[in-house]
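My notes follow in the order I looked things up.

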Amino acid sequence: MAASDDLSSPLVDLTDVHLADLRAMDETALGSALRRILEEADRPQEVVAGFQSAL
Amino acid sequence: MRTHHLSARHFAELAGGRGDANAVATLSRGQHSIRLLRLHAMLNEAGATHPHARLEASFSLLSAVQEHAPAALNDTLAEPHVGAWLAHSLRRTRGSVGGGEPIWKDLGHLASIAATAAIRAGLEFEVAVPVRAGTAVLPGYGRATVGAEFDWVPVSGDGKTFTVADVTVPEEPDQDAPGWEGLHVLRARCGELSIQVGLDDLDPFRDLHQLSAAKRIDPPTLRLWQQRFTECWDVLVTHHRGYAEAISAGLITLVPLAAQRSTRGVSATSMDTFGAISLSLPGDTLAMTVTLIHEFQHAKLGALMDLIALHEQTDTTRYYAPWRDDPRPLGGLLHGAYAFLAVVDFWRIQRNLLDAQQARFAHFEFARWRERVSRVVDVVATSDGLTATGQRFVGGMRAALTPWWDEWVPGESAELARNAAENHRIGWRLRNLRPQPESVRRLADAWLTNEPLPVDDVPTEILARDRNLVPNARLDLLCLRITDPDRFQRLCGDPRLLADEMPEITPGDVAYAQAHYADATVAYRKEITANLGSIEPWAGLALSRQDTHGEPRSGLVTCPEVVRAVHRQAYEVAGSWHDPEKLAEWLAGLRPTVGP
């Protein structure tokens, strides 16, 4: 499949970020991903996915 | 800033229900970023406003760990219950959840996380950690009993030996020692593929969803978990290798739950705790295997949805999910379909490996989940709520299912699968749909005065409900007919034994499970009039009539909730019971407006 089918996530990649640098980052740098995290935190918690086996 | 990516190959594998260790590693990296974002947000919100939580000292220690041994920090952040704590603490700082403990104690848990990371890194350090119920927990490590008189106790070490207050952390922290309860570890190897997971009965944030997490389990129970896990791993690696590789790459912790009923296993996965699965001890090896496969699907999909939106958050429609008793949003529907896609695959393989008796059940499971997942995939694919990537994903699910429809299923198992599907669908309508009261009154009045149907359909509301698992004794007994015919006969011939083992079972259910449909019809009729609010006898009556008369278009089948409501309304007006079957025949011309 062509590389153009690869998917780009809006989630910032913090894999190699130093914690001290992370503290200093503002909302502009962290973008929509941070806003989404905050929106999720304000929503009622989705009940976990569950499974009841009849076995 | 750089953002995460997912290759087309990994996306396609995941959409088909699979995904190898590399795909799972990509998902894990996304979770790492999410956790750091939550940490950042929580510190911003709470750092200045909750000085008693001592967040700055904890953060400094975490930074020191990262400088010295970044892998120790990453491994600690990957602990599933660190994820649970981060999501919870951010919600607490923003006031969207409460908690049994003061907020400083919940937030102060960051110190326990930092201490664990520092021990992993072999640092010389000292930090104060909060005390809960006289104990201090190091997540993913163990629990020290330190005394309820303290709010905080020091954790310290010289890089080799570490103490929590005056309790020494043993060199092998999964071992118990004076004052120390180690995190249980389950290990298994099959060929070249090995796995090691924690069995966490300690972490204070392991049960935020209140699923009845088991308290400290005893050594014989631990041995049972290990035995079952070893056997399960053999089955996974030998016959379901792709799933085994994904699970070995992403599963970190199992949380034992207290079993709800002796014959049922319960399990769950939280979207905040990637790497953890909560489950009661499954009854046998296959039950554990299918549970791990099912739950890890939820983990994969949740982590994928954290990277890429598959559906719009604004969609508020509620749908029928054939595996849940409550109406589900689109995201929940997709989750269930994705988890059961792998369950279909599991039984597809498994039914060719089992002896004839066990294979009957495997055929049944394969047939019923294939049918249900396919129906739901159709519903999801045609909903307006999917994103373009979501459409692509559901297309991948469908592509995985399609060839499985060429596979043969024995008649008895196929019939039972259809029956189980109807059982659930009719019960769901009865529990979740509320016909408009005005229409119900009009219908009851017309019925009582022998008039023709006054309407073609009844506006019907799907009720928003909390999750409520409804045991289905009729279906349990019916399954027993093929899974264990001897036990089925024994139970049906001994009412006292049956009542003891299946307290919810009714005479109608027993007659129905034995295919005595005429007797079942009579019994269910009695059960309906004996209990005004009852639901299950209506489903039983519909199924018995369907099997006796082969009348798929009875109102009992197409809109049982309307039949039940009109039946009750007519009783309230006339003061006497009317024949539900005749009423259902009269209502058969109604067109259902919502639901399955």
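Predicted model: local features only at pLDDT ≥ 70, side-chain atom pairs only at ≥ 80, totals over all residues.

**Entry 1: the four-stranded sheet**

I began with an open sheet of four strands in chain B, ordered 2-5-6-7 and paired antiparallel. Which strands stand at its edges? I found strand 2 (124-130) and strand 7 (167-168) of chain B there, each pairing on one side only.

Next I looked up how strand 7 of chain B is held. Strand 6 (residues 162-164) of chain B pairs with strand 7 of chain B through two bridges, in the antiparallel sense. Across that pairing, Val164(B) stands opposite Val167(B) of strand 7 of chain B.

Helix 7 (residues 109-121) of chain B packs on it, and touches strand 2, strand 5 (152-158) and strand 6 of chain B. The direction of helix 7 makes about 150° with that of strand 2 of chain B.

**Entry 2: the three-stranded sheet**

I moved to an open sheet of three strands in chain B, in the order 3-4-8, with antiparallel pairing. Strand 3 (135-138) and strand 8 (180-182) of chain B each have a single partner strand, so one side of each is left without a neighbour in the sheet. On average, neighbouring strands here are turned by 15° against each other, direction ignored.

How many bridges join strand 3 and strand 4 of chain B? I read four, in the antiparallel sense. One of the pairs I noted is Val137(B) with Arg143(B) of strand 4 of chain B. The two strands form a hairpin with three residues between them. In the turn, Gly140(B) has a positive phi of about 80°.

On to the other neighbour. Strand 4 (residues 142-145) of chain B runs antiparallel to strand 8 of chain B, and three bridges join them. I noted that Gly142(B) has Gly182(B) as its bridge partner. Arg143(B) has Glu181(B) of strand 8 of chain B as its partner. So that I keep it in view: Arg143(B) is the bridge partner of Val137(B) and also pairs with Glu181(B).

**Entry 3: two packed helices**

Two packed helices are described by the angle between their axes and the distance between the axes. I looked up both values for helix 1 (residues 8-15) and helix 13 (residues 388-401) of chain B. The angle is about 55°, and the axes are 7 Å apart. The two helices are therefore oblique to each other.

Which residues make the contact? From helix 1 of chain B they are Ala8(B), Phe11(B), Leu14(B) and Ala15(B). From helix 13 of chain B they are Thr389(B), Arg392(B), Phe393(B), Gly396(B) and Met397(B). By class, I read six nonpolar, two polar and one charged residues.

**Entry 4: a cavity**

Which element gives the largest share? Strand 13 of chain B does, with three residues. By class, the lining has nine nonpolar, seven polar and three charged residues.

Conventions:
Residues numbered from 1 in each chain as written. Chains lettered and ligands numbered in written order. Heavy atoms only, no water. Axes fitted to C-alpha atoms, helices over the stretch in contact; angles between N-to-C directions. Parallel < 35°, antiparallel > 145°, perpendicular 65-115°, else oblique. Contact = heavy atoms within 4.5 Å. Nonpolar A, V, L, I, M, F, W, Y, C, P; charged D, E, K, R; others polar. Pairing = 2+ DSSP bridges.
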